[in-house]
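Welcome, and please take a moment with the sequence and the model.

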Amino acid sequence: MSEPDVFVVADNIFSPLGKTTAENFTRLKQGLYAVKEHNDPDISTASFFASLFDKHEVFLERNTGNYTKFELLLIASITNAIEQSDIDPVDKKTVLIISSTKGNISLLETETYNAELKKKISLSHSANLISAHFGFVNRPVIISNACISGVLAIITGLRLLRSGQYENAVIAGADVISKFIFSGFQSFQALSQQICKPFDKWRDGLNLGEGAATVILSTDKKHKGNMTVKGGAVSNDANHISGPSRTGKELTYAINKSMDDSGVSAADIDFISAHGTATIFNDEMEANAITMAGLQNVPVNSLKGYYGHTLGAAGLVESVISIQSLKQGLVFPTAGFQELDKNMNISVCASVLPIKAKNFIKTASGFGGCNAAIVVGE
Amino acid sequence: MVKDGAALFKNHTANAQDFLLTIYQHFRLSYPKFYKMDNLSKLGWLTSEVLLSGKFEAGAYPPEKTGVILANTNSSLDDDIKYFESVKDIASPSLFVYTLPNIVIGEICIRNNFKGEYALFIQDEFDAGFMEQQVNYLMDNDILDACVCGWLDFLDQEYKAALFLVEKNKGDTSLLFSEGNMNGIFNSHGEK
């Protein structure tokens, strides 16, 4: 039996730039960035660049469930995506997939560590609350796999649908930036003191960002004509837990496998939504991998200059924008990028690119040596 | 510690950290990186060493077709707490790197040169049916030839590791990879 097509039914981005996919896309078209300078002593004693929600932002009109910010972001994003579809969470053919790197970890900063906090901080607790909020009947699937979490969540959804386990998957990711995460990246000297510059010769680190995004997938044939997630793959560097592969060979493998899985070749790929964190090592590794996959002439962008690195949401945020790019024939430039690093041989998108595109690849890489890639297209 | 039904090592008196160290010493393992790892990674690395020793021939499969699929409930909270303690003084990058539950998979992959699929799922409790489904998808679709999968959790003084080696090639002591067999093994050893 051949595997069913997996359609993209609805999506949402809930970020400091906007509360819907359409709002976010419009802001990007206006050339707006969510990354800006902040002074927040709860996060850092010195000022810093990041994409953060306003401290007084109301995510849900009546927070009767006493949800945390992390949970509210997911609820807001999922609510908007479900509203645009006819997906019924109560349907036993529907599964909820949650992606996050650190979830409610900020509670460690303000609350005493005891059995109750241990429970509140766990991702399964949050996922169960969110699941109950919407009335999902199946046990939620939770993915916490560093910076590939969002892309891996889409791959997991794709496989669960292909194998016939479920018919619909609501896939949502979120992360919240607090002192815990900020201090860690700072201790790694991974943060830029300005808006990050992916693939640029002067890049000097990443910006962190918070937000949520949701993608709803379905194998129901009534969605024929929608974009499809065509395939995906994951690989491991087996090299270093906190540094990328020296060669990029393993990311190349994930890219090639995702194209094989999708039944497309390098010639069918119209643009690449890269991970592009703007750290020295990540971007160089990624550029190598893209070149080795034969995609060096394909336009590449990174959206990290707009949104920062939204961690467990990043793969979803960037996939949703790229899906809109396919629909609207418009690929965004890499914010912050000016001059290509001379060690790289790729085609970084530096200005708005009108394009007749059929397929894109979304890549991600992260701590633990993980890499992931998906192909989405018509 | 039990392998294929046979008890290999017992130590009822040691605390969790000392227990890990005594296993390392008992099996005369030599891997300096072990000492840098957080508890979750030590637990996972030790268990995978014992699981694979004498069973698994390095290079038997292409690196890209060997993978690791794990689940746990407390993510990396054991290390998260230690890292955040360090923030009060000077944030420690060597503790921060372990504040992700998938790092242990990276450690196992580095040790064994596994370069294929990998994933870390968070679950209330070990969901053998989900694990069976995930790993079977990878094996049946020829994405992996061999996979280490199972449960790995460590928090404070509570821990449990139950890893399974799943291979295309059947060995002498092989059992059918199934939800029932995994649950049987998982539930017959240690606390829940």
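Angles between axes of 65 to 115 degrees count as roughly perpendicular. Keep in mind that this is a predicted model.

**A helix pair in chain A**

Two packed helices are described by the angle between their axes and the distance between the axes. In chain A, helix α6 (residues 149-162) and helix α11 (residues 314-328) have axes that cross at roughly 70° and come within 5 Å. Therefore α6(A) and α11(A) lie roughly perpendicular to each other. On the α6(A) side, the contact is made by A:S149, A:G150, A:V151, A:A153 and A:I154; α11(A) brings A:A314, A:G315, A:L316 and A:S319. Which classes of residue make up the contact of α6(A) with α11(A)? By class, there are 5 nonpolar and 4 polar residues, and no charged ones.

**Chain B as a whole**

Turning to chain B, its secondary structure consists of 7 helices and 6 strands. Along the sequence, these elements of chain B run β-β-α-α-β-α-α-α-β-α-β-β-α. Chain B has a radius of gyration of 16 Å, close to the 16 Å from the globule rule for 192 residues, so it is as compact as a globular protein of that length.

| Property of chain B | Value |
|---|---|
| Box filled by the C-alpha atoms, along the principal axes | roughly 50 × 35 × 35 Å |
| Residues that count as buried, of 192 residues | 45% |
| Contacts joining residues at least 24 apart, among contacts between residues at least 6 apart in sequence | 67% |

Definitions and conventions:
Residues are numbered from 1 along each chain as its sequence is written. Chains are lettered from A and ligands numbered from 1 in the order in which they are written. This is a predicted model: local features need pLDDT of at least 70, side-chain atom pairs count only at pLDDT 80 or more; totals for chains, interfaces and linings use all residues. Helices (H or I, at least four residues) and strands (E, at least two) are DSSP runs, numbered from the N terminus. The radius of gyration is taken over C-alpha atoms; the globule rule is 2.2 Å times the number of residues to the power 0.38. A residue is buried if 20 or more other C-beta atoms lie within 10 Å of its own, exposed if 12 or fewer, and partly exposed in between; C-beta atoms are placed from the backbone. Two residues are in contact if their C-beta atoms, placed from the backbone, lie within 7 Å. Axes are lines fitted to C-alpha atoms, for helices over the stretch in contact, and angles run from 0 to 180 degrees between N-to-C directions. Angles under 35 degrees count as roughly parallel, over 145 as roughly antiparallel, 65 to 115 as roughly perpendicular and the rest as oblique. Ala, Val, Leu, Ile, Met, Phe, Trp, Tyr, Cys and Pro count as nonpolar, Asp, Glu, Lys and Arg as charged, and the others, Gly among them, as polar.
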